[in-house]
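Hello,

Here is the structure I promised to hand over. Have a look, then read on for what turned up.

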Amino acid sequence: MLLNINEANTIFRKSIIKGFFEPKLLNLDFKKSSVKHPAINDDGLMQSDLLHVFFDVDTGSDYPDGDEWFIVEMLFPHDVKLPDNLKGTDYFTTLSAGEDKTFWHHRELIRYKYGKSKKLDDALEFLESKYKELHELLEPLQKDLK
């Protein structure tokens with residue numbers, strides 16, 4: 001059976017995520033998320049209901065270097081108005097969740113391989129620090145979500 005580049009990269013990305021990133025995040029007190037992402041079919045992870053991590057294995061998998069990176073999507077699954085200082089590509093942009101419902105999300109490119117050298121631990125550290133940074137920004141909104 002021959003795979004095209006898109007299929008091969010998708011399989012490789014899923015393997016890296018399932019075999020490395022998910023177990024490592026579970027060891028960092030993440031747990032399976034009960035939230036379903038509007039566009040990503042796989043389950044996500046979370047440390048709290050404020051922010052959920054999903055892995056986008058499809059975007060860019062048709063690139064020749066698609067085996068070196070993937071996109072992580074951090075989802076704030078609440079249909080609330082965010083303060084202006086939390087809006088924009090550095091923080092959160094809107095994501096349609098259907099039926100006049102809007103969530104907020106942040107996307108980051110996670111590069112875990114540079115040429116022949118794998119940088120999995122560096123990528124994990126970046127992912128965890130970005131999650132903490134965004135989570136802290138959202139914490140003041142928690143009281144409004146009850």
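Does glutamate 133 count as buried, partly exposed or exposed? At 35% relative accessibility, glutamate 133 is partly exposed, because that class lies between under 20% for buried and over 50% for exposed. Please keep in mind that this is a predicted model.

Glutamate 133 has a partner. Lysine 130 makes a salt bridge with glutamate 133, with the closest N and O atoms 3.4 Å apart. The two sit three residues apart in helix H2, so about one helical turn separates them. Lysine 130 is buried, at 11% relative accessible area. Elsewhere, salt bridges with shared partners join Lys18, Glu22 and Lys32 into one network.

Helix H2 holds another pair. Lysine 132 and glutamate 128 meet in a salt bridge, 3.4 Å from N to O. They are four residues apart in H2, so again about one helical turn lies between them. Lysine 132 is partly exposed, at 42%.

In total, the search finds twelve salt bridges in the whole structure. One of them joins arginine 107 and aspartate 56, with the closest N and O atoms 2.9 Å apart. This pair links distant parts of the chain: strand S6 holds arginine 107, strand S3 holds aspartate 56, and they are 51 residues apart. Arginine 107 is partly exposed at 33%, whereas aspartate 56 is buried at 8%.

The largest nonpolar core has 31 residues, and Phe21, Phe55 and Leu138 have the most contacts inside it. H2 supplies the largest share, seven residues. A second, separate core has six residues, including Val35 and Phe103.

Best wishes

Methods: Residues are numbered from 1 along each chain as its sequence is written. This is a predicted model: local features need pLDDT of at least 70, side-chain atom pairs count only at pLDDT 80 or more; totals for chains, interfaces and linings use all residues. Side-chain values use heavy atoms; hydrogens and water are left out. A nonpolar core is a set of buried Ala, Val, Leu, Ile, Met, Phe, Trp, Tyr and Cys residues joined through side-chain atoms within 4.5 Å. Buried means under 20% relative accessible area, exposed over 50%, partly exposed in between (1.4 Å probe, protein chains only). A salt bridge is a side-chain nitrogen of Lys or Arg within 4 Å of a carboxyl oxygen of Asp or Glu.
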